[in-house]
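Take a look at the protein model shown here.

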Amino acid sequence: MKTRGYVARFFGKPYLFRRLTTLSLEEFEELRRKLEPEWKRSERRRLEQRENRKHKVGQGRPYEVGDFKNLLFVTVIYLRTHTNVELLSLILRVDKDAVRRPVNRILPLLQDRFIPDTPLKGRKRINTLDELLKDFPELKDVIFDGSEFPIRRPKRRQKQSYSGKKKRHTKKSQIALDKKTKLIIGVSPPRRGKIHDKKQLEKIGWDTQLSDTVGRWGDLGYYGMKGKYWHLPHKKPKGGMLTKWQKTLNKRFAKERIVVEHGIRGIKIFRRVGEIITIKSDELFSTALLAAANLYNFKRLVRQGLG
């Protein structure tokens, strides 16, 4: 059986397809419909930039995996699993470059496609977004949290990557989530795991980019952030204890803040970034992390009838 027909078999098994991709067939088709026009534009730009072209654009050999639908499926599988490219190519019965090329070309289309336009999002979108994301309502409350991603022990500067909390070497990224819509509105570039949440947030500058009317929510990792708009749990005093009322307030606070943990779980369900990071390039890892966050947002939008 040819590779294209073999990949297409997965679309005939809805239960298996959702287990593999976390998306239903209908959701995947909606994702394909939103991304394909930009894919065609980016491919044409890429091909037109070639020098000494002998044939017209579009006359070259097609992708071995098949059309854009198959290429997008392979990309989502790449994010969803921790399988290396070599093994994934064996499963799909293609050469490893037939997997690596489309993955490297489709991931950038996802890295900010479904993140709303807010003050935390500094760069311009890659393509035109839906009206909901264009006319995103004014922010009222943003929840911050730091998330750590385990890595292999580096050969150099190991102490800078060692996390005292996780007791292993990690990379850390700040996640910002809109409290009302539960959409991820910011994912910071990953840094070495030793950095503190408060220090990393200050270096990113997200706090200064938000207006004073926006409430900031965080855990004790942000203890010491300045401003009356910060909502933090009560910290147990040194040598003392929290009162019953303070403990009750902390429980209520935790129930409000838990949604950011659900958002982080929605990112890490894509095991390419949820398990030990084997991606050597920091740029590719950051792109994969943003793509996973965008897929989480896409699922929320579609399942709420807003996508």
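How are α3 and α6 oriented to each other? They are oblique to each other; angles under 35 degrees count as roughly parallel, over 145 as roughly antiparallel, 65 to 115 as roughly perpendicular and the rest as oblique. Helices (H or I, at least four residues) are DSSP runs, numbered from the N terminus.

**Model and confidence**

This is a predicted model, in which local features need pLDDT of at least 70, side-chain atom pairs count only at pLDDT 80 or more, and totals for chains, interfaces and linings use all residues. Residues are numbered from 1 along each chain as its sequence is written, and side-chain values use heavy atoms, with hydrogens and water left out.

pLDDT is the predictor's confidence in each residue, from 0 to 100. The protein chain has a mean pLDDT of 85. In this chain, 90% of residues reach 70 or more. Confidence is highest in helix α11 (residues 244-268), at a mean of 93. It is lowest in helix α7 (residues 131-134), at 52. Over residues 123-130, pLDDT stays under 50. Where pLDDT is low, the predicted coordinates should not be read in detail.

Axes are lines fitted to C-alpha atoms, for helices over the stretch in contact, and angles run from 0 to 180 degrees between N-to-C directions.

| Helix pair | Crossing angle | Axes |
|---|---|---|
| α3 (residues 25-48) and α6 | roughly 120° | within 10 Å |
| α5 (residues 85-92) and α6 (residues 96-110) | about 110° | 8 Å apart |
| α11 and α13 (residues 282-303) | roughly 115° | within 8 Å |

Contact means heavy atoms within 4.5 Å. Ala, Val, Leu, Ile, Met, Phe, Trp, Tyr, Cys and Pro count as nonpolar, Asp, Glu, Lys and Arg as charged, and the others, Gly among them, as polar.

Start with α11 and α13, whose axes cross at roughly 115°. H262, G263, G266 and I267 of α11 touch L289, A292, A293 and Y296 of α13. These residues split into 5 nonpolar, 3 polar and no charged.

Next come α5 and α6, packed at about 110°. That makes α5 roughly perpendicular to α6. In this contact, 4 residues are nonpolar, 1 is polar and 3 are charged.

Last, α3 meets α6 at roughly 120°. Residues on the α3 side include L31, W39 and R46, and those on the α6 side include R105 and L110. This contact holds 6 nonpolar, 1 polar and 4 charged residues.

**Salt bridges**

Side chains of opposite charge can pair when their charged atoms come close. A salt bridge is a side-chain nitrogen of Lys or Arg within 4 Å of a carboxyl oxygen of Asp or Glu. The count comes to 18 salt bridges. E27 and R303 form one, at 2.7 Å from N to O. E27 lies in helix α3 and R303 in helix α13, 276 residues apart.

Notes:
Helices (H or I, at least four residues) and strands (E, at least two) are DSSP runs, numbered from the N terminus.
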